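Subject: Handover of a protein structure

Dear colleague,

Please find below the structure that I am handing over to you. A short account of the findings follows it.

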Amino acid sequence: MSELGTLARVRSKNAGPFWMTVDIFCEADTYARVAAIPTESFATRLGAAEIKRFDLPDLHVVKLSLPRPQVQGSARDRDMHGAALAHVLTGMEV
């Protein structure tokens with residue numbers, strides 16, 4: 001087993017006031033291994049009830065989008081740019 005952060009580059013970003021996105025950039029030889037991770041495993045790790053997944057095999061990228069827990073910029077928003085999501089996934093065992 002390896003941690004996701006050692007197999008791929010994980011980047012999270014703001015995707016508007018209601019969504020955040022995590023991009024997992026893989027090398028050609030590790031893409032199949034990362035793409036085999038069930039969407040439910042990502043959702044559990046991220047604590048998300050709803051998650052949209054986009055597999056982009058030609059680019060060796062798995063893209064995950066999930067609703068923001070708070071509207072971006074609201075008084076309760078603790079992560080305006082969604083930066084904490086990448087860190088949560090880097091330690092995920094693959």
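In this protein, 61% of the contacts with a separation of 6 or more are made by residues 24 or more positions apart. Please note that the model is predicted.

The secondary structure consists of 4 helices and 4 strands. Read from the N terminus, the order of these elements is α-β-β-α-α-β-β-α.

As to overall dimensions, the C-alpha atoms occupy a box of roughly 45 × 25 × 20 Å along the principal axes. Of the 94 residues, 36% count as buried. The accessible surface is about 5,500 Å², and carbon and sulfur atoms contribute 55% of that surface. The protein carries 11 positive and 11 negative side chains, and the centres of these two sets are 7 Å apart.

Two residues deserve a separate description. Arginine 53 is part of strand E3, which covers residues 52-56. Its side chain reaches the backbone oxygen of isoleucine 37 at 2.6 Å, and a polar contact of 3.4 Å links the side chain of arginine 53 to that of threonine 39. Leaving aside residues up to four places away in sequence, arginine 53 also touches several others, among them Val34, Phe42 and Leu64.

Histidine 60 is found in the loop between E3 and strand E4 (61-67). Although histidine 60 is not a glycine, its phi is positive, at about 60°. Histidine 60 counts as partly exposed because its relative accessibility is 25%, and the partly exposed class lies between under 20% (buried) and over 50% (exposed).

Yours sincerely

Technical notes
Residues are numbered from 1 along each chain as its sequence is written. This is a predicted model: local features need pLDDT of at least 70, side-chain atom pairs count only at pLDDT 80 or more; totals for chains, interfaces and linings use all residues. Side-chain values use heavy atoms; hydrogens and water are left out. Helices (H or I, at least four residues) and strands (E, at least two) are DSSP runs, numbered from the N terminus. A polar contact is a pair of N or O atoms within 3.5 Å; within protein, one must be able to donate a hydrogen and the other to accept it, and residues adjacent in sequence count only if both atoms are side-chain atoms. Contact means heavy atoms within 4.5 Å. Buried means under 20% relative accessible area, exposed over 50%, partly exposed in between (1.4 Å probe, protein chains only). Accessible areas come from the Shrake-Rupley method with a 1.4 Å probe; for residues, only the protein chains shown count as cover. Lys and Arg count as positive and Asp and Glu as negative; His and the chain ends are not counted. The place of a charge is taken as NZ of Lys, CZ of Arg, CG of Asp or CD of Glu.
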